[in-house]
Amino acid sequence: MRHQKTLIDGAGLAVRLTWYRPGEQMAPHAHDCHQVSWLLSGELREVGGAGEHDVVGTSRGVKPAGFRHANLYGVNGALVLGVDIDPEGA
């Protein structure tokens, strides 16, 4: 089970810290918001419009609203800090 802590949830902005279990997967999906995320530890594979990307170690990803992608979390799981930005935000 994924563990998530919401740090900020306000008009047009949400910030969450999420732990994904080793081997956890997310089916293809898209978000209504823009997303910026930082992989703080662990690893993941993201499959999206530009192909597959293995993300290992501290890194940052940016996805515009509506970008379709899927995720597979590695053998060590992944700790991700995510920022959701509402394109219509206040």
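**Salt bridges, core and surface**

Modeller: Happy to. Arg-21 comes out as partly exposed, because its relative accessibility is 40%. Keep in mind that this is a predicted model.

Colleague: Which residue does Arg-21 meet in a salt bridge?

Modeller: Arg-21 pairs with Glu-24, at 3.9 Å from N to O. The cut-off for a salt bridge is 4 Å, so this pair counts.

Colleague: And Glu-24, buried or exposed?

Modeller: Glu-24 is buried, since its relative accessibility is 8%.

Colleague: How many salt bridges are there by this rule?

Modeller: The count is 3. Another of them joins Arg-16 and Asp-84, with the closest N and O atoms 3.1 Å apart. Arg-16 is in strand S2 (residues 13-20) and Asp-84 is in strand S7, so the bridge ties together parts 68 residues apart in sequence.

Colleague: How accessible are Arg-16 and Asp-84?

Modeller: Arg-16 has a relative accessible area of 22%, so it is partly exposed. Asp-84 is at 17% and therefore counts as buried.

Colleague: What about Lys-63, which residue does its side chain meet in a salt bridge?

Modeller: That would be Glu-46, at 3.2 Å from N to O. Lys-63 sits in strand S6 (residues 59-63) and Glu-46 in strand S4, so this pair links parts that are 17 residues apart in sequence. Lys-63 is buried because its relative accessibility is 8%, and Glu-46 counts as buried at 17%.

Colleague: Changing topic: which residues make up the largest nonpolar core?

Modeller: There are 7 residues in all: Tyr-20, Met-26, Leu-39, Leu-44, Tyr-73, Ala-78 and Val-80. S4 and S7 are the elements that give two or more residues to this core, and S7 gives the most, with 3.

Colleague: What does Ala-78 touch, beyond four places away in sequence?

Modeller: Its contacts include Tyr-20, Leu-39 and Tyr-73, and also Gly-42 and Glu-43.

Colleague: Now the surface. Which residues make the nonpolar patch of about 310 Å²?

Modeller: Leu-7, Ile-8, Leu-13 and Ile-85 make that patch. Ile-85 belongs to strand S7 (residues 69-85) and counts as partly exposed, because its relative accessibility is 34%.

Technical notes
Residues numbered from 1 in each chain as written. Predicted model: local features only at pLDDT ≥ 70, side-chain atom pairs only at ≥ 80, totals over all residues. Heavy atoms only, no water. Patch = residues over 30% accessible without salt bridge, like charges linked within 9 Å, V, L, I, M, F, W, Y side chains within 5 Å. Areas by Shrake-Rupley, 256 points an atom, 1.4 Å probe, with all protein chains shown as cover. Helix = DSSP H or I, 4+ residues; strand = E, 2+ residues; numbered from the N terminus. Buried < 20%, exposed > 50% of the residue type's maximum accessible area, 1.4 Å probe, protein only. Core = buried A, V, L, I, M, F, W, Y, C linked by side-chain atoms within 4.5 Å. Contact = heavy atoms within 4.5 Å.
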